[in-house]
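Please look first at the sequence and then at the model, turning it slowly before reading on. The report below takes up a few places in it one after another.

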Amino acid sequence: MDRNSDLLTAGAAAACSVPCNLCGSTHVRQVADRDRHGDPLRTVMCVECGLVWTDPRPDEAANRKFYAHDYRVRYKAAASPKLKHALRETRRAIARFRRVEPFLRAGARVLDVGAGAGFFPFVLQSRGFDARGIEPNQGFCAWGCEVLGVQVASGFLQDFDFVDEPFDLITLNHVLEHLPDPGAALGILRGWLKPEGLLVVEVPDVESDWHAPDKRFHIGHLYNFNRENLVRMALTVGLAAQDILIQPDTRHINVVFKRVAPEQPGIDRRLPANALHVEATLRRHTRLRHYASPVPHLRTLRKLAGYVGERFAVAGIPSARAVVEREVRKAFA
Ligand SMILES: [Zn+2]
């Protein structure tokens, strides 16, 4: 049964426990009552701006379950990463580097927030940039420091203050959607940028059809953006979009923001036309349409080809560190 689509069609006003993080409204519609695993997770959409969030917030027990599960698995992988994981992460880091390279001046000072085991700072460092990361997972940090030789400090955003040592570039790759107050987080990061400094944010697009409609929502993702409300949220704290890239297939939204004046006079936080657009997109993307489209088959093929390619690519390589070094050498030969 397509529960989430049924809920959307009902379209009734609903209550929320957290006001909209962009416009402050409490006028919402419920858009889902299950997460991608079929577990209860209530998701609402602001009818004033189209921002989508988990409401009520997952309780402590649910949060612990999530972090104990997903993050323990990832922690183990990072404490002694499999070669194929090191390969995948390095390739992603190189792709991220290609994206930001045109915006970087020589020797730029860069911070990666949610840096994981430090693959992205490693690639930057290998290209002569002054890069570091912050990351809540201690296992990732330790591995990055010891094996990759990069500076990845352990902690959450609120544990740090870089106001007095600002950056040319800060990156936030699939992090913002996990934060309980993304608007405030963007404001903090703006304060850590040099004048005219850049912030690069990548998040999933709530409008993407890459996942089946019942696989859309995830307990770790407290917020679900689309391009319009992400760009507007950043503008409210003094970050203006300079360049917007929609990643092929996944449709992840990748935006290069530039630090501008903190107060944008007369800015309208409401985007009612966008809310209608988001709602229509969610409603249109039914399970029937999804499985009748080429998208799920393309995803499966892409995954299979990826696994096979990765096995060949790491055959005979002695260590994760050697995998990382070889990929970087090949990429910049
Ligand atoms: Zn709103």
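## Backbone, metal site and cores

E196 has its place in strand β9, where strands (E, at least two residues) and helices (H or I, at least four) are DSSP runs numbered from the N terminus. This is a predicted model, in which local features need pLDDT of at least 70 and side-chain atom pairs count only at pLDDT 80 or more, while totals for chains, interfaces and linings use all residues. Residues are numbered from 1 along each chain as its sequence is written, and side-chain values use heavy atoms, with hydrogens and water left out.

Most residues other than glycine have a negative phi, and most peptide bonds are trans.

| Residue | Phi | Relative accessibility |
|---|---|---|
| E196 | near 70° | 56%, exposed |
| R251 | near 60° | 32%, partly exposed |

R251 is found in the loop between β11 (239-246) and β12. Another backbone feature is the cis peptide bond that joins D55 and P56, with omega about 0°, and P56 lies in the loop between β4 (52-54) and α2 (60-79).

The zinc ion is coordinated at 2.3 Å by the SG atoms of C20, C23, C46 and C49, where donors are N, O and S atoms within 2.8 Å of the metal (3.2 Å for Na, K and Ca), and sites may look incomplete because water is not among the atoms. The angles among the 4 donor atoms run from 98 to 125°, and the site is tetrahedral, a word used for four donors if all angles lie between 85 and 135 degrees. In sequence, the spacing of the donor residues is C-x2-C-x22-C-x2-C, and C20 counts as buried because its relative accessibility is 5%.

Turning to the interior, a nonpolar core is a set of buried Ala, Val, Leu, Ile, Met, Phe, Trp, Tyr and Cys residues joined through side-chain atoms within 4.5 Å. The largest such core has 42 residues, of which W53, L186 and W192 touch the most other members. Strand β9 gives the most to this core, with 4 residues. A second, separate core of 36 residues includes I94, L104, V150 and A313. I94 is also one of the buried residues of helix α3, among them A86, L87 and F97.

Technical notes. Four donors count as tetrahedral if all angles lie between 85 and 135 degrees; four count as square planar and six as octahedral if opposite donors are over 155 degrees apart and all others between 65 and 115; anything else is irregular. Buried means under 20% relative accessible area, exposed over 50%, partly exposed in between (1.4 Å probe, protein chains only).
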